[in-house]
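Please work through each task before reading its solution.

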Number of protein chains: 2
Amino acid sequence: MRKGEHTRQEIIRKAAPIFNQRGYDGAALSDLMRATGLEKGGIYRHFSSKQALAAEAFDYAWQQTVNARIQDLDTISNTVDRLKKLIANFVERRGIIPGGCPLLNTAIDTDDGNSVLRERACKALRGWRSHLTSIVSAGIKAREIRPKTDAKKLAALIISSLEGAVMVYRLERNEEALRAVQSHLERYLETELRLPAKNQNKN
Amino acid sequence: MRKGEHTRQEIIRKAAPIFNQRGYDGAALSDLMRATGLEKGGIYRHFSSKQALAAEAFDYAWQQTVNARIQDLDTISNTVDRLKKLIANFVERRGIIPGGCPLLNTAIDTDDGNSVLRERACKALRGWRSHLTSIVSAGIKAREIRPKTDAKKLAALIISSLEGAVMVYRLERNEEALRAVQSHLERYLETELRLPAKNQNKN
């Protein structure tokens, strides 16, 4: 990696927690300078604007968050168990980037404006939903999940309930809502989604 | 109402959508001046600080939101039906204060700081949860709801899933997640909470 590119990546990495904790308007240039150890010119040599830096910082924060949530997922062959692991990872592997879920923060921060950041958040949401629906589709095909399951509705339920629980967690600083949502979803997956073994594909 | 108090209330009413849409840091004095038609001195004669105004604006926005959500609730005697109506009101009576749910916005905006506003959001959350748990407790007493129902967990599920769906709605500007959560919760209330009529108290 060239030195310029290395510096650029370091700025993104150090700016990410600041934008995630303070929001776009709340992230002051002085905070960014302190975190990166660079002057204004040293930062903006690498980015055309604050918005451009915030967008890169969001993508970085989201990628780190996704990596934590999908950790160990590929070792689990059963799709219902994979969904349960994804939910458990969401609940347990928080705080990868300080400030809470970057998607939730950026969505709320930009829903009334800031179209560049908003588009990044939309893309992140689409990616997460598509990951969930692809597990459900694979599960239906493998006869592990009931064929009439509406994958998109289920994904909406999982995403909404977990993200809302993060809001409660962030506000009250205790895990109760996250754990309540996790146990509800786990039970729902077991009772309403999982196909009994006798119906499963034996091939 | 004295003229000074009237002006104070008008400032709160007009500042509420600005804080709710732009967040605490994003709400500029120039926005507040434009919305109220007052100069800086005219606004801050009534409030000791921006934070004091933001706190009053949040309380106002939250009260308006709660009023919309509990509308027509007292006409419904059955507690399960009352929970369903509360959920339907949440989904259908949005946008009372432009910018989305004031609790969600303020929670995310203040979770890493701003302790005055954060405390207001905590109080709002406690109030909403307590409203939900009191309906469940009444339902258990009236033998309309299964006696082993964990009211606090149920409240956490309802609040988390609805608030998370608002985030998705605000980002994608379509109702799919809200409707998915509503139908999931309605079905859950019918199948897992509602006591069959034969078990209900006939007194």
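Two residues are in contact if their C-beta atoms, placed from the backbone, lie within 7 Å. The model shown is predicted. The predictor assigns the complex an ipTM of 0.94 and a pTM of 0.95. For chain A, the mean pLDDT is 94, and 97% of the residues reach 70 or more.

**Exercise 1. Determine which rotation superposes chain B on chain A, and name the relation.**

Step 1. Two copies of a chain are related by a rotation about an axis and a shift along it.

Step 2. Here the rotation is 180° and the shift along its axis is 0.0 Å, with an RMSD of 0.0 Å. This is the relation of a two-fold axis.

Step 3. Of the interface residues of chain B, 100% are also interface residues in chain A, so the copies meet through the same surface.

**Exercise 2. Describe the side of chain B that touches chain A.**

Step 1. Count the residues: 37 of chain B are in contact with 37 of chain A.

Step 2. Identify the helices: α1 (3-26), α6 (102-110), α7 (115-141), α8 (151-172) and α9 (176-193) of chain B each supply at least two residues of this side. The greatest contribution comes from α8(B), with 15 residues.

Step 3. Sort by class: the side of chain B that touches chain A holds 17 nonpolar, 10 polar and 10 charged residues.

**Exercise 3. Classify the packing of α8(B) against α9(B).**

Step 1. Two packed helices are described by the angle between their axes and the distance between the axes.

Step 2. The axes of α8(B) and α9(B) come within 8 Å and cross at roughly 160°. Angles over 145 degrees count as roughly antiparallel, and α8(B) and α9(B) are therefore roughly antiparallel to each other. Their crossing is right-handed.

Step 3. On the α8(B) side, the residues are B:Ile158, B:Ser161, B:Leu162, B:Ala165, B:Val168 and B:Tyr169; they meet B:Ala177, B:Leu178, B:Val181 and B:Leu185 of α9(B). By class, this contact of α8(B) with α9(B) comprises 9 nonpolar, 1 polar and no charged residues.

**Exercise 4. Classify the packing of α6(A) against α8(B).**

Step 1. The axes of α6(A) (residues 102-110) and α8(B) come within 9 Å and cross at roughly 55°. This angle makes α6(A) oblique to α8(B).

Step 2. The crossing of α6(A) with α8(B) is left-handed.

Step 3. A:Leu104, A:Ala107 and A:Ile108 of α6(A) make the contact with B:Met167, B:Arg170 and B:Leu171 of α8(B). The contact of α6(A) with α8(B) has 5 nonpolar, no polar and 1 charged residues.

How values were computed
Residues are numbered from 1 along each chain as its sequence is written. Chains are lettered from A and ligands numbered from 1 in the order in which they are written. This is a predicted model: local features need pLDDT of at least 70, side-chain atom pairs count only at pLDDT 80 or more; totals for chains, interfaces and linings use all residues. Copies are superposed by least squares on the C-alpha atoms of residues with pLDDT of at least 70 in both. Helices (H or I, at least four residues) and strands (E, at least two) are DSSP runs, numbered from the N terminus. Ala, Val, Leu, Ile, Met, Phe, Trp, Tyr, Cys and Pro count as nonpolar, Asp, Glu, Lys and Arg as charged, and the others, Gly among them, as polar. Axes are lines fitted to C-alpha atoms, for helices over the stretch in contact, and angles run from 0 to 180 degrees between N-to-C directions. Angles under 35 degrees count as roughly parallel, over 145 as roughly antiparallel, 65 to 115 as roughly perpendicular and the rest as oblique. A crossing is left-handed if the near helix is turned anticlockwise from the far one by less than a right angle, and right-handed if clockwise. pLDDT is the predictor's confidence in each residue, from 0 to 100.
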